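Here are my notes on the model you sent over. Have the coordinates open while you read.

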Amino acid sequence: MIRILGIETSCDDTGIAIYDKKHGLLSNKIYKQNYLNTRHGGIIPELASRAHINKIIPLIQSALKDAQSKIQNIDAIAYTAGPGLSGPLIIGATTGKTLGYIYNIPSIPINHMEGHLLSPMLKIPELSFPLIALLISGGHTQLIAVKNIGEYKILGESTDDAVGETYDKIAKLLGLTYPGGKSLSILAKQGIPKTYIFPKPMTKKEGLQFSFSGLKTYVTNIIQKSPKNIQTKANIALAFEESVIDTFIIKCKRALKITKFNNLLLAGGVSANKKLRKKLTKIMQKKMGKIFIAPTRFCTDNGAMIAYVGMLRFQKNIKNDLKISINTNWSLEELSPIKHKKHSCNIII
Ligand code: KG4
Ligand code: ZN
């Protein structure tokens, strides 16, 4: 049976997981650097790297303990090789390769965005293809045509800021802690609908591209001019969220129409957003299409999705290549198709 150790260090979270082909997810450890980011008003790559160095080995030890496994029982080490921040990526890659060298375990470089894209499979092992994937995170906003596992075509993406980054910036201006996506959504619940109406960027223009920097500037100006009481802040949070969600709904419907696909997949940190999940689910039910969304704990960065893709990309006689290579801009379009064999999957933690 194949047992994979997954290492995720593309950004600010250290994620370590162990996935077993027969028994499913045996351990999923995460260390979030939120206190550090809140203190510095965002991610500082050098500080993020140092925090990964401090946490990565203890997390691996504790994941192995959780899984009642020894490193010698691991068949391959899957590590995030990109896209992401170079310092954090190098730490994950070097740790994975070094462990592999010491214990003679092969390693598999994993694309972080493929990790997100396939994260719904941790719960539902069979996806229906072809499908449109909306990948929304702190670093990416992409619409992808997915023919099959490993066969990806980017239909549209943000020409400037990613949606998660925009959420975090607006949340910071509203006085919320980092990362702001979740807390902004909670604040938005107290908002009075239609007090503000914000633009839905790039929706009047044809095509599937996104842009969030204009919306960010627009909302920043409104915040600066508005009273600083909690109700006003909640009204702004609600209007911002509505504008982002409406933009995604319009673009997803457009992508489904253009491609004539009838299945949708939602992944990445921002896909933890309850309102967005609900609205897109309703739309797909109406269309009699399928929708795939990961459980909330697998939406934001985690080691489980990396270990899982490692399991899918595992091949017997894999070479124990010791070259440490990362690619901070690794595109999904550069990946190779995976021959996916059906297997049972059960989340047991
Ligand atoms: O995928 P992720 O963990 O990291 C990257 O790969 O970038 O995504 C993190 C992003 C942050 O910007 C965070 O604010 C956002 O996901 N996020 C949310 C929610 N939970 C996390 N945004 C909106 N609503 C949420 N509930
Ligand atoms: Zn991510």
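The points below go through the ligand site, the salt bridges, the backbone and the surface.

1. Ground rules. This is a predicted model, so local features need pLDDT of at least 70, side-chain atom pairs count only at pLDDT 80 or more, and totals for chains, interfaces and linings use all residues. Residues are numbered from 1 along each chain as its sequence is written, chains are lettered from A and ligands numbered from 1 in the order in which they are written, and side-chain values use heavy atoms, leaving out hydrogens and water.

2. Who sits around ligand 1? The shell has 20 residues, and the closest are Gly 138, Asp 168, Gly 181, Gly 269 and Asp 301. Being near here means that one of a residue's heavy atoms lies within 4 Å of the molecule. Three helices, α4 (112–118), α5 (163–173) and α6 (181–188), each give the shell at least two residues. Helices are DSSP runs of H or I with at least four residues, strands are runs of E with at least two, and both are numbered from the N terminus.

3. What the shell is made of. Sorted by class, the residues around ligand 1 are 12 polar, five nonpolar and three charged. In this scheme Ala, Val, Leu, Ile, Met, Phe, Trp, Tyr, Cys and Pro count as nonpolar, Asp, Glu, Lys and Arg as charged, and the others, Gly among them, as polar.

4. Taken alone, ligand 1 exposes 550 Å², and the protein buries 90% of that. Those areas come from the Shrake-Rupley method with a 1.4 Å probe; for residues, only the protein chains shown count as cover.

5. A contact within the protein. Thr 141 belongs to strand β7 (residues 141–148), and its side chain reaches the backbone nitrogen of Val 163 at 2.9 Å. Is Thr 141 buried or exposed? At 2% relative accessibility, Thr 141 counts as buried. For the record, buried means under 20% relative accessible area, exposed over 50%, and partly exposed in between (1.4 Å probe, protein chains only).

6. Salt bridges. A salt bridge here is a side-chain nitrogen of Lys or Arg within 4 Å of a carboxyl oxygen of Asp or Glu, and the count comes to nine. One of them pairs Asp 20 with Arg 3, with the closest N and O atoms 2.8 Å apart. Asp 20 is in strand β2 (residues 13–20) and Arg 3 in strand β1 (residues 3–8), so this pair ties together parts 17 residues apart in sequence. Both Asp 20 and Arg 3 are buried.

7. Two further bridges. Lys 32 pairs with Asp 13, the closest N and O atoms being 3.7 Å apart. Lys 32 is in strand β3 (residues 24–32) and Asp 13 in strand β2, so the link spans parts 19 residues apart in sequence. Asp 13 is buried at 7% relative accessible area, while Lys 32 is partly exposed at 34%. Lys 147 bridges to Glu 151, with the closest N and O atoms 3.7 Å apart; here Lys 147 is exposed at 59% and Glu 151 partly exposed at 27%.

8. Backbone spots to look at. Where are cis peptide bonds found? One joins Phe 129 and Pro 130, with omega about -5°, and Pro 130 is in the loop between α4 and β6 (131–136). Another joins Tyr 178 and Pro 179, with omega about -10°; Pro 179 is in the loop between α5 and α6. Asn 104, which is not a glycine, has a positive phi near 55°, and Asn 104 is exposed at 59% relative accessibility. Met 202 also has a positive phi, about 65°, and is partly exposed at 24%.

9. A surface patch. Tyr 101, Ile 102, Tyr 103 and Leu 322 make a nonpolar patch of about 440 Å². Patches are made of residues with over 30% relative accessible area and no salt bridge, with like charges joined within 9 Å and nonpolar side chains (Val, Leu, Ile, Met, Phe, Trp, Tyr) within 5 Å. Ile 102 lies in helix α3 (residues 86–103) and is exposed, with a relative accessible area of 55%.

How values were computed
Polar contact = N/O pair within 3.5 Å; in protein donor to acceptor, adjacent residues only side chain to side chain.
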